[in-house]
Each structure stands twice: as C-alpha cells, then as structure tokens.
Amino acid sequence: MKITKIEIKNFRAFPKDYHIDLHNAGKNLLVYGENGSGKSSLYLALKSFFQSGIDTVDGEVKSTGFEKHQNLFIQEPGYIKLHFRSAQPPKQEVYEWSKDVETNNNLVIETSEASGFLDYKDLLGVHYLQPEGESVNIFDLLVKTLLANTLNPETDRTLADYWNDIQGTYPRRDAKNKIAALEQRVEAFNDKLFNRLAELRPKVRHILGEFGYNVDLNLDFKGVTYNQKNKVLENQQILLNVKFFDEDISDRYLLLNEAKLSAIAIAIYLSSVLCLPDPKIGLKILALDDVLIGLDMSNRFPVLDILEKDFKDYQIFLMTYDKTWYEIVKQRTDEKNWKYTEFYFKATDEYEIPVCKEDAPYLEKAREHLNDNDYKACAVYVRTAFEAAIKQYCEKKDLAIKYRENPRDLSSEDFWVPIKMEKDEAGILVVDLRVVDQIEQARKFILNELSHATFANIYRKELEDAVDAVEQLKNALAQA
C-alpha cells in the first residue's frame with residue numbers, strides 16, 4: 001500500500017488546487033522549499049489528514065477540524081485528497097478530508113497509528129526539557145506522545161489505553177476494593193511500559209550509534225505508584241541517563257553540542273516510530289520536516305543511512321529548506337524510488353502563493369533542454385549527471401580516491417579513473433570498454449569542466465552522444 005497522489009485545495013499556504021503525483025509505484029518524496037513556499041504546509045497536510053482519523057471522543061469523530069487550516073484568503077471550501085494503491089490485490093482508492101468529509105476509516109486510522117511525523121519543533125522538545133533535580137524526565141514525551149500508539153499484541157490495546165485506565169477521580173482511602181482495582185491497573189500499565197521501553201532501548205542505541213558519537217543512552221523507569229493519602233499517581237518519571245565517553249553526564253547533557261543533542265533527539269523519535277504496530281491494511285509513513293537543522297553536512301549523512309537501512313518499508317516524505325542538502329540527497333538516492341519536487345512562492349496583488357515544480361533527474365533535464373535546443377543548459381545537466389553517478393558509485397563501493405587536502409580540489413578525473421579500471425570478481429571490467437571510450441570522447445568537449453565557460457560551438461550530435469554515454473554508464477554502475 002502506497003500513496004500515489006496528493007491533492008490539496010485551500011489548505012494553509014495553498015490557495016487553489018495543487019497536485020503532487022508520486023506515480024503508481026508510490027515513490028518517496030524529497031521536497032526543497034524556500035521559507036514561506038508551502039513546504040511545511042505540505043507536511044502539515046499529511047500529518048493533519050491522518051491524525052483527523054483518530055480524533056475522537058467516546059468513539060465518535062469530532063468536527064473534522066479542517067476549518068482551522070482553511071486558507072485565510074479563499075472562501076471556497078477546500079480539501080485534502082490522498083490516492084492509495086495496494087499491490088495485492090491491485091486496487092486504487094481515494095480518501096478525502098475536508099470540512100464535511102471525515103477520515104475515520106480503518107486504512108487512515110491504521111496508517112496514522114503506524115506512522116511518524118517529525119519536524120524541527122518536535123526535536124526542541126528533547127533539547128529543552130527542563131531537568132528535574134539532576135536528570136531530564138521524558139515520561140510525558142514517551143507515554144503521552146511517542147509510545148502512545150504502541151500496541152500490546154496479546155490484548156490489542158495501546159499504551160495510551162492502559163494510561164487512560166488509571167486516569168480520573170481516585171477512590172477514597174476507605175474504598176479498599178476500588179483502591180486494589182486501581183493498583184492492579186497501575187501494575188498493568190507499568191508492565192506494558194516496561195515492555196515498551198525494553199523494545200525501545202536497543203533501537204535508540206542502534207540509531208544513535210549510526211552517528212558514530214561516543215554517547216550512550218539509558219531510559220530509567222522505576223514504575224508509577226499510587227499514593228492513597230494524597231490520591232495522586234507518583235513516580236511519573238522516565239529519566240534520560242546519558243554517558244559521554246563512559247562518563248555519566250545525565251545532569252549536564254544539555255551542554256553537549258548541537259549535533260549531539262540533535263542526534264539524541266532524532267534517535268529517540270525514530271526509535272519510537274520503529275516500535276509502532278505494523279498496519280494490517282494501511283501503510284507506514286515517515287515524514288520529516290527540516291529535522292536536520294542542528295546538524296552540519298557530515299552529520300546529516302548518517303540520517304540517510306538510517307532511513308535506507310531501518311525505514312526501507314516506509315514511504316518517506318523528506319522536506320528541507322537547504323538547497324545544497326537537497327541536491328546531495330538527490331545524488332545519493334535512487335530516482336526509481338524517489339520523486340523530487342521544489343517549492344517556491346510567487347507574490348500576487350493580495351498574497352503569496354506556492355509554486356510547485358516537479359524536479360526531474362539530471363539526464364531527463366538534459367534531454368528536455370536538448371529538445372528545446374538549449375545546448376549549453378543540456379551540457380551542464382549531462383555533466384552534472386555524469387559527476388553525480390561516478391561520485392555516488394565511488395562512495396557506494398568505497399573506491400580509493402586520490403587524496404586532496406581541500407576536497408573542493410577533487411575533479412571528475414579523480415573519480416572516473418578508479419571506476420574505469422575497476423574489475424569484478426571474475427576479473428572483468430565493470431564498465432565495458434565501449435562505454436569507457438564513449439565517455440572519454442564526451443569528456444573532451446561536453447563533460448569537460450572548462451567547456452561551459454567558453455564560447456566554443458556545442459554540436460547537437462556531441463550532446464546526444466554524451467547523454468547516451470552517461471545513460472549507459474549509469475546502467476552499468478547500477479548493475480555492478
């Protein structure tokens with residue numbers, strides 16, 4: 001089950017109809033957006049759509065809540081429509097959320113309960129939790145938010161259900177039977193929370209370990225108790241114990257640098273998503289809106305590795321305001337599984353409106369410019385496609401690259417030479433010599449770094465040959 005198309009009308013930043021086609025395969029979506037371009041509105045559209053399906057009181061759906069998201073400048077009713085496609089059996093379904101249409105069906109509810117939605121403001125909840133004594137307490141964050149939908153498979157009840165069992169008006173001290181029943185429910189809640197934390201701890205350590213820091217976490221929970229005298233639940237504590245180079249810094253962990261704090265927060269959030277139940281008929285979604293603000297470029301790469309290894313069964317929606325990071329992610333992801341989109345904004349006489357531009361792969365852009373007879377633009381994109389392919393392959397295969405003190409001094413030659421000489425286990429060249437010859441010929445004119453800064457003639461046949469050569473090279477590297 002995947003989302004294949006998103007339709008948004010008159011929702012927050014979107015004042016009219018907007019369509020994002022994720023193709024029948026239901027690709028992951030990478031979005032670049034300027035501030036105010038609608039990037040976060042897209043994130044909120046997905047999050048609000050699914051959360052509206054479980055927004056109930058006593059089993060009845062409340063007002064859909066769409067009105068509070070309606071675009072301020074448009075009176076015409078809006079909606080969010082998601083197109084779903086299941087593989088077995090092949091089936092296409094469309095669900096709508098609007099002022100008059102509810103989303104309380106099993107597919108939407110199960111997807112919501114199995115999915116994670118995280119933005120940079122969520123991460124601040126871990127960064128800036130106030131210490132209680134000498135430790136940071138994340139009980140509310142885990143019990144009421146992150147682990148609330150985790151399921152007990154034996155009873156088919158969530159942790160939130162067990163927590164709600166022990167809320168409300170507490171019995172008088174002389175009501176022994178009622179107190180005993182309450183303490184039994186408290187014990188059941190503690191048991192389920194212990195189980196959830198036992199599942200969460202190794203996942204947190206695994207994901208945090210992907211960042212390569214000498215930081216270790218432990219989530220310390222002693223168990224909630226009922227105070228009969230004061231009629232309150234005590235020990236609502238899950239203490240975040242942090243070690244740095246084996247030194248306990250639980251009372252000072254907020255002094256860690258921004259990258260390590262972000263890594264801790266990301267590890268806790270992503271691990272909690274992995275603890276959520278698998279849907280029977282829905283899908284699993286992971287939506288991340290600018291969650292890497294606190295990380296420099298080198299510290300962002302582990303997040304891509306985590307998504308590739310641990311969230312390969314999820315449909316991922318990744319939003320960023322950083323154009324450089326957007327281009328890097330494009331190069332490091334497979335265009336067969338990802339859709340790339342750019343958001344900008346355009347000012348009108350009354351307000352600003354988002355402009356959604358589908359971003360095609362580099363070779364596809366090269367062909368578009370070739371068809372439009374814009375030869376210089378075609379040459380730039382085909383060279384970009386070539387360089388992206390060889391850099392990605394060298395990293396994937398861990399090929400040795402000539403050392404440069406300044407990485408900016410690396411040229412395409414430094415990546416291309418080890419690739420054209422690489423052999424497989426049988427001693428056969430990974431890239432056929434005919435393809436190597438075609439690339440070498442194209443590098444003389446089209447793929448040459450200096451060729452685009454001159455006024456030398458660029459011929460259509462040379463461009464066509466260069467595009468074909470890079471296409472063959474990409475196919476060869478993909479099969480290696």
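I started with helix α7: it has 17 residues and reaches 24 Å from its first C-alpha to its last, close to the 24 Å expected at 1.5 Å a residue (that is, 1.5 Å times one less than its number of residues). Helices here are DSSP runs of H or I, at least four residues, and strands are E runs of at least two, numbered from the N terminus.

This is a predicted model, where local features need pLDDT of at least 70 and side-chain atom pairs 80 or more, while totals for chains, interfaces and linings use all residues. Numbering runs from 1 along each chain as its sequence is written, and side-chain values use heavy atoms, leaving out hydrogens and water.

Next I checked burial: 15 of the 17 residues of α7 are buried (under 20% relative accessible area; exposed is over 50%, partly exposed in between; 1.4 Å probe, protein chains only).

**Salt bridges**

I looked up salt bridges (a side-chain nitrogen of Lys or Arg within 4 Å of a carboxyl oxygen of Asp or Glu) and the count came to 26. Lys39 and Asp289 make one of them, at 3.5 Å from N to O. That pair links distant parts of the chain, helix α1 and strand β18, 250 residues apart. I noted that Lys39 and Asp289 are both buried.

Then I found Lys144 with Asp140, their closest N and O atoms 3.4 Å apart. They sit four residues apart in helix α4, so about one helical turn separates them. Lys144 is partly exposed at 46% relative accessibility, and Asp140 is partly exposed at 41%.
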